[in-house]
Amino acid sequence: MSSELVVGLRQLKRARFAVAAVFCVHGAVTGSFATRIPWIQDHAAVGAGQLGLALAFPAIGASVAMPLAGAISHRFGARTALRGLLALWTMSLILPSFAPNLFALCAALFVYGATSGMSDVAMNALGVEIENRLDRSIMSGLHGMWSAGALIGSAGGTLAAHLGSDARLHHTLAALTLTALGLIACQGVLDLRSSADEEPPPRFALPPRSALVIGAIGFCAVFAEGASLDWSAVYLRDVLDTSPGLAAASTTAFALTMAVARLAGDRIVDRFGSVRTVRVGGVLATIGGLMVVLAPHPALALCGFALIGLGVAVVVPLAFAAAARSGPNPSQAIAGVATITYTSGLIAPSAIGAVADATSLVVSFGLVTALAFGLVLGAGVLRSAGRESAKAGSVEQTVQDPRL
């Protein structure tokens, strides 16, 4: 291997670690925020229903702002855009804890979600670019790093809450720390720049049709994820009459299998391919859903939730990767898929509750099981020739690409 190729490969590996650190920082913001929601609710003096309304605004903000990420990256370059958007996201962590009422909290969470969504699109687009150039899967591992960051952030938040720390102080210190770490991490990402004659993407545009089809797969996975995370403990308590501790263990089992599967997912995808991996994952999630619905004993339901987490773990990373290879504008396609998945995460908890009110939680998770089976039927849309065509622009492109 020539010295130029060695240098190019080292640059790609350095960029991969840098993007992984960015994913970790992004996840840590989410974990830090989630653990202090009770404090924020008390400080803003809002009830449960008002809090539920406010918590819809991050997804609304993200859905509105994500299409802007492509235009920002085109104008300023990928590295500068990610640096700015990630800093806005980490600093937005401060806003909700200072909200004195419902209106201010909704506005703060709208900004929080908008900056989250734009930085999410930018970092996923860079992750896909590195994946294509390395010609092997890395997106599952990157999302695994996001999960690891969320666990780190939630651990810090749990400690702060246990010590009775004011969330305004906690989130200010966390935001400053994460902003510094994010800026350091962004120094190592690829500095992709659009050519002078390249037409800028539209600021707002409907997602391409390919993104809508791929997004449908992401919708099924995120719906199952959101329903399991928010309702698994309630299911075990209300349907199977378990203790609070055992009910909480169902959420832990789900989150743990998801994190482990994402961190190990890249090797599986490289060996078996995206379509087969998602199809097998859909089978596992479907079996898990059936175990939950038919469980006569809490242990079987616990295993069912763990299987759902294992089955859906790698779907969203693979959906982002497939979207980026489906057309000429990766950021726009990723934004389209991300919008669909954010929407799924927004409606899943309330949809499960609505179905449960009309029928039962068992029927609600019958719906989750049906959507999990949709992964088996629809996995073929993730098949893409992009990986093969990317070989022509892998390490050699890193050495020669004039945009770097």
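This is a predicted model: local features need pLDDT of at least 70, side-chain atom pairs count only at pLDDT 80 or more; totals for chains, interfaces and linings use all residues.
Visitor: What gives the most to the lining of the largest pocket?

Guide: Residues are numbered from 1 along each chain as its sequence is written, and side-chain values use heavy atoms, without hydrogens and water. Several helices each supply at least two residues of the pocket lining, among them α1 (3-34), α8 (102-134), α11 (209-238) and α12 (244-272). With eight residues, the element that gives the most is α12.

Visitor: What volume does the largest pocket have?

Guide: On a 1 Å grid over the protein atoms alone, a pocket is an open set of points with protein on both sides within 12 Å along at least five of seven lines, and its lining residues have an atom within 4 Å of a point. The volume, which is the space filled by probe spheres set on the points, is about 1,900 Å³.

Visitor: Which residues of the lining are the closest to the centre of the largest pocket?

Guide: The lining of the largest pocket holds 49 residues. The closest to the centre are Thr30, Trp146, Glu225, Leu229 and Asp230.

Visitor: What gives the most to the lining of the largest cavity?

Guide: A cavity is a set of points where a 1.4 Å probe fits but cannot get out. There is one cavity of 30 Å³ or more, and the largest cavity contains about 30 Å³ of space. Its lining is formed by Phe33, Ile37, Ile40, Gln41, Leu51, Leu55, Leu105 and Leu109, and the elements that give two or more residues are α2 (37-44) and α8. With three residues, the element that gives the most is α2.

Visitor: Is Ala18 buried or exposed?

Guide: Ala18 lies in helix α1. Leaving aside neighbours within four places in sequence, Ala18 is in contact (heavy atoms within 4.5 Å) with Ala185, Gly188 and Val189. Ala18 is also 9.0 Å from Leu190, C-alpha to C-alpha, although the two are 172 residues apart in sequence. Because its relative accessible area is 9%, Ala18 counts as buried.

Visitor: What is the relative accessible area of Ser73?

Guide: Ser73 lies in helix α5 (residues 68-76), and beyond its neighbours within four places in sequence it is in contact with Ala78 and Ala81. Both of these contact partners are among the buried residues of α6. Buried means under 20% relative accessible area, exposed over 50%, and partly exposed in between (1.4 Å probe, protein chains only). Ser73 is buried because its relative accessible area is 15%.

Visitor: How far apart are the end C-alpha atoms of helix α6?

Guide: Helix α6 (residues 78-91) has 14 residues. The expected span is 1.5 Å times one less than the number of residues, and therefore α6 should span 20 Å. In agreement with this, the end C-alpha atoms are apart by 20 Å.

Visitor: How many helices does the secondary structure of the protein chain come to?

Guide: Helices (H or I, at least four residues) and strands (E, at least two) are DSSP runs, numbered from the N terminus. The protein chain has zero strands, and its number of helices is 19.

Visitor: What is the mean pLDDT of the protein chain?

Guide: Of the residues in the chain, 88% reach 70 or more. Over residues 385-404 the pLDDT is below 50, and this stretch has 41 contacts in the model beyond near neighbours in sequence. The mean pLDDT of the chain is 84.

Definitions and conventions. pLDDT is the predictor's confidence in each residue, from 0 to 100.
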